[in-house]
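Here's a quick tour of some aromatic pairs and helix packing. Have a look at the model first, then read on.

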Amino acid sequence: MAADRQRTPVRRLFAPTPNAEARTLADILRTETVGGVLVLVAAVAALVWANSPWEDSYSAASEYVPWPGGAAIGLDLDLAHWASDGLLAIFFYVVGLELKREFVAGDLRNPRRAVLPVVAAICGMVVPALVYLLIAASASGPAAQGWAIPTATDIAFALAVLAIIGKHLPSSLRAFLLTLAVVDDLLAITVIAVFYTDDFHITPLLGALLPLIAFGALVQLRKSWWWALLPLGVLTWILVHESGVHATIAGVLLGFTVPVLRRDGGQPGPAEHMEHSWRPVSAGVAVPVFALFAAGVSLRDGGISAAFADPVVPAVMAGLVLGKLAGIFGSTFLLAKFTRAQLDSDLSWWDLVGVALLAGIGFTVSLLIGELAFDATGARAEHVKVAVLMGSALAALFASLVLALRSRTHRRARSEQPEG
């Protein structure tokens, strides 16, 4: 019996990442890191602009309608809405490509490797939502509809922080964060489509299937005709927008149609090529511009004190910082105990604490859900912006402290290893 137990392989959490996946991860990290820095710059610029003597120009720019003639088809949107509904569709298109690649050729194709990030992502959404509802129960008005605000993770911000302060952390930990964030994005997309869709109209949504199918047929035939694919993608977006479903869902649907593998079954396939082409546009343009119009909240004339008088603010902050930590770390720890799995020898539980805190950086999707949950021009929407910004900043600060210490420990351990 003892010999049988010795022959039974020990299941390890966060096993080293295969070389092919590690190369893909490295490419994604480089782009997302730059994107995260640009988003931070855009957010700071928005805060400075909105609290400067020129704050009226910030409001005027956000509310400017560049195409008033689009009223006939519901596209007479101001710049802030074009950023959240239009440009973020590019971000979600890249998310759709990521999701499909992970399910077909990444960690999520293997049930044994997928169970950890999937469970962690689910608990990392459920626990923050419960924390939010518990604290916001005393708030006036329909505060409960903001339950999903602290459930999202901003992967660009998180990876940027990780790249700056966690250079010596094992790649398996980075891969876990990326996979967890991909699953988190899938859940966030589902939440937006199911819980934040108003005035649903079935006819435009059914109409969107025609250009979507045509787009899918072309990419399945490996046709990269941008002059055909781009109009089909825009038409799909317009029809989804008209249906009442948030228009960013169109980006996800389009991403799902793109094949991951080459015709001979090898990699990289069309999805990776398109991801390589569109990720810089998403990380370098779409998300920073959205941040510029979404993060500008006035903190003058008692803005901070007014925000903290609203229970929604501590609810969002606690959900991002404490809820994410409890959900991700707690579920992983319990999964290890119940399955008798062990951490990989290169890691400690403190590494996971740092990553769980890092997942509390909600920014992009949290701001988007905040706009959908509450009137974008109302006082509570402004309070939510304060909560998301401060909660994400606290999560980044605490994660940086933990991961900086862990990175130093990993660097010291590697330097002490004998050469050869």
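At 8% relative accessibility, Tyr-93 is buried (under 20% relative accessible area, with exposed being over 50% and partly exposed in between; 1.4 Å probe, protein chains only). This is a predicted model, so local features need pLDDT of at least 70 and side-chain atom pairs count only at pLDDT 80 or more, while totals for chains, interfaces and linings use all residues. Residues are numbered from 1 along each chain as its sequence is written, and side-chain values use heavy atoms, leaving out hydrogens and water.

**Aromatic pairs**

Where do Tyr-93 and Trp-278 lie? Tyr-93 is in helix 4 (residues 79-105) and Trp-278 in helix 11 (residues 270-294), so the pair ties together parts 185 residues apart in sequence. Helices here are DSSP runs (H or I, at least four residues), numbered from the N terminus.

As for accessibility, Trp-278 is partly exposed at 31%. Trp-49 is partly exposed too, with a relative accessible area of 28%, while Tyr-58 is buried at 5%.

Elsewhere, Phe-329, Phe-333 and Trp-349 make up one aromatic cluster. Arg-380 sits over the face of Phe-374, 5.7 Å from the ring centre (the rule: NZ of Lys or CZ of Arg within 6 Å of the centre and within 35 degrees of the ring normal).

**Helix packing**

Helix 13 (residues 312-339) and helix 16 (residues 379-416) have axes that come within 8 Å and cross at roughly 30 degrees. Axes are lines fitted to C-alpha atoms, for helices over the stretch in contact, with angles from 0 to 180 degrees between N-to-C directions. The two helices are therefore roughly parallel (under 35 degrees; over 145 is roughly antiparallel). In helix 13, residues including Val-312, Met-317 and Leu-320 take part in the contact (heavy atoms within 4.5 Å), with Arg-380, His-383 and Phe-398 among their partners in helix 16.

Helix 6 (residues 155-165) and helix 7 (residues 171-195) pack at about 170 degrees with axes 10 Å apart, so they run roughly antiparallel. Ile-155, Ala-158, Leu-159, Leu-162 and Ala-163 of helix 6 make this contact with Arg-174, Leu-177, Leu-178 and Ala-181 of helix 7.

Conventions. Phe/Tyr/Trp six-rings, centres within 6.5 Å; stacked < 30°, edge-to-face > 60°. Parallel < 35°, antiparallel > 145°, perpendicular 65-115°, else oblique.
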